[in-house]
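Reader: I have a structure to read and some questions about its parts. Can we go through them one by one?

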Amino acid sequence: MRQSLSNEKRFSGPLVEITQLNAGYDGETILDDINLNIEREDFIGLIGPNGGGKTTLLKVILGLLPPKKGTVRVMGESPQQARRYIGYVPQFTVYDSDFPISVRDVVRMGRLGPARLFKPYTAHDDAIVNERLDWVELGDQKDRALSELSGGQRQRVYIARALAGEPELLLLDEPTISVDVEARTHIYDLLHKINELGVTILLVSHDLNVISSYVKTIGCLNRTLHYHGEKQVTAEMLKTGYNCPVDLIAHGLPHRVLAEHEGR
Amino acid sequence: MIEMLSYGFMRNALLAGVLVSLACGVIGTLVVLKRMVFISGGVAHTAYGGVGLAFYLGVNPILGAITFSLAASLLMGYIQRKTRQRPDTLIGVMWAIGMAIGIIFADLTPGYKADLMSYLFGSILAVTSTDLWLMLIVDVIVVVVVALFFKEFQATSFDETFARARNLPVDLLYIILITMIGLSVVMLMRVVGLIMIIALLTVPAAIGAMFLKHMGKIMWLATGLSLVFTTGGLILSYFFNLTSGATIILVSGTAYLISLLVRRLCKRCPE
């Protein structure tokens, strides 16, 4: 059930190349001198405090926010051109959970695009929609109204919607922010599976405890980015003044992600 | 009943009810789901400035209303989306200025001005066949455009960020929608008057959204409800000799309150 990756597979460099990026709103700088290469089939977890620029970084990669400085290339193209390779799962809070819509119609949105104006959904679209709903284990829920689902189920619907566009890269913004522990584990298990199907994943969250057991590499984002393509949270990342979620040190980490260093 | 239908103006009024119901159901649903109720009210009231100006210049008030309504739609739409500082305040101010312009031009116009009131409170009984043709044109535009872009309007109403990430022309769709709101407002102005437009535009769709979980079905139900409200209100106003616009609104308002009640009760009892 490996995903039918789109024709552009010949592009061989990093999926995303960000160099010396500076971005923010109006006069305010939220991201400062960010350098990041996202390699194919990676599963990156970026942690950082709220307001640290996690959502902003995703918006820049999607071309929803133009950089003030620096360059962003996605599959060698500008972010606006490359949007079709990206599946986006925005933060939970942006939805009206009462909106009258069926699960199937939400996932179908992932098939939309400028080329689809004036054209109704096809049988091919619906085949992909059904397959993606199966991936997130909601195949039997497609005729239900979105508002009748639990928070965790709804989040899986949004993941299926993002996957319906047959993306190379999946961007997730705090996918587990308002769901219970069980649903959270379920979502991470699914993401792990989806990653193994060949979809590269960039996930941002303020919750390192959970993501550490699933991701392949970890970075820390708080205005500046500490990312070395490794699955270890280094002392440098947590350095005083850096302000990453220090409470993670207090909790027992499920897997060893903290590097050894004196003073602990 | 039969006697009522023997009047030409009554037949026109009932037909007007049918025609506005379609626009109400379709556009009203998008207004409610996209949370554009306030901006629609702003457009309606600003259009009064156009009515006053048209009276002053001695041209067809509908022409003035359409011009102002479309200009207000586009300006308010721009403000709503591009201004970071309190768009609702700016829209509220334009709302009042539009009304004031209408009243001042009415003052400056010599002669009998009772007709200006009909734009405030509606005059479904005075609908002419020209009005009916205009309404039909608006209906056709609204239905064709919404049918063409249904899935895109659904996507932008539900989640604009995602729609943008899918490269949909989100801003263009917004402009198209708000232009249709402007046109619908002008046609509703004839029926219930601009002060009460908001109710007829939102109540049927709001009731629909309480009970149905599909945007297209809500549009149909809202159209049906709107037809019941306009026709019912019209008949009641005929038999009790009441102002038709206000009666239509009170019928819709009552239905809305009953629906809220039913909805509450239904939530408590297990389906």
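Reader: At which residue does helix H11 of chain B bend?
Author: This is a predicted model. H11 of chain B covers residues 197-211. A proline, Pro204(B), follows the bend within four residues. The bend is about 25 degrees, and its place is Val203(B).

Reader: How many residues of H11(B) are buried?
Author: Buried means under 20% relative accessible area. Ile197(B), Val203(B), Pro204(B) and Met210(B) are among the residues of H11(B) that pass this test. The helix is largely enclosed by the rest of the structure, because the buried count, out of 15 residues, is twelve.

Reader: Which strands are the edge strands of the open sheet in chain A?
Author: The sheet has three strands, in the order E2-E1-E4, with antiparallel pairing. An edge strand pairs on one side only. That picks out E2(A), residues 28-38, and E4(A), residues 69-74.

Reader: Which residue of E4(A) stands opposite Glu17(A)?
Author: E1(A), residues 16-25, pairs with E4(A) over five bridges. Their sense is antiparallel. Opposite Glu17(A) stands Arg73(A).

Reader: What angle does helix H1 of chain A make with E1(A)?
Author: H1(A) spans residues 54-61. It lies across E1, E2 and E4 of chain A. Its angle to E1(A) is about 120 degrees.

How values were computed
Residues are numbered from 1 along each chain as its sequence is written. Chains are lettered from A and ligands numbered from 1 in the order in which they are written. This is a predicted model: local features need pLDDT of at least 70, side-chain atom pairs count only at pLDDT 80 or more; totals for chains, interfaces and linings use all residues. Side-chain values use heavy atoms; hydrogens and water are left out. The bend at a residue is the angle between axes fitted to the seven residues ending there and the seven starting there. Helices (H or I, at least four residues) and strands (E, at least two) are DSSP runs, numbered from the N terminus. Buried means under 20% relative accessible area, exposed over 50%, partly exposed in between (1.4 Å probe, protein chains only). Two strands pair if DSSP finds at least two bridges between them. Contact means heavy atoms within 4.5 Å. Axes are lines fitted to C-alpha atoms, for helices over the stretch in contact, and angles run from 0 to 180 degrees between N-to-C directions.
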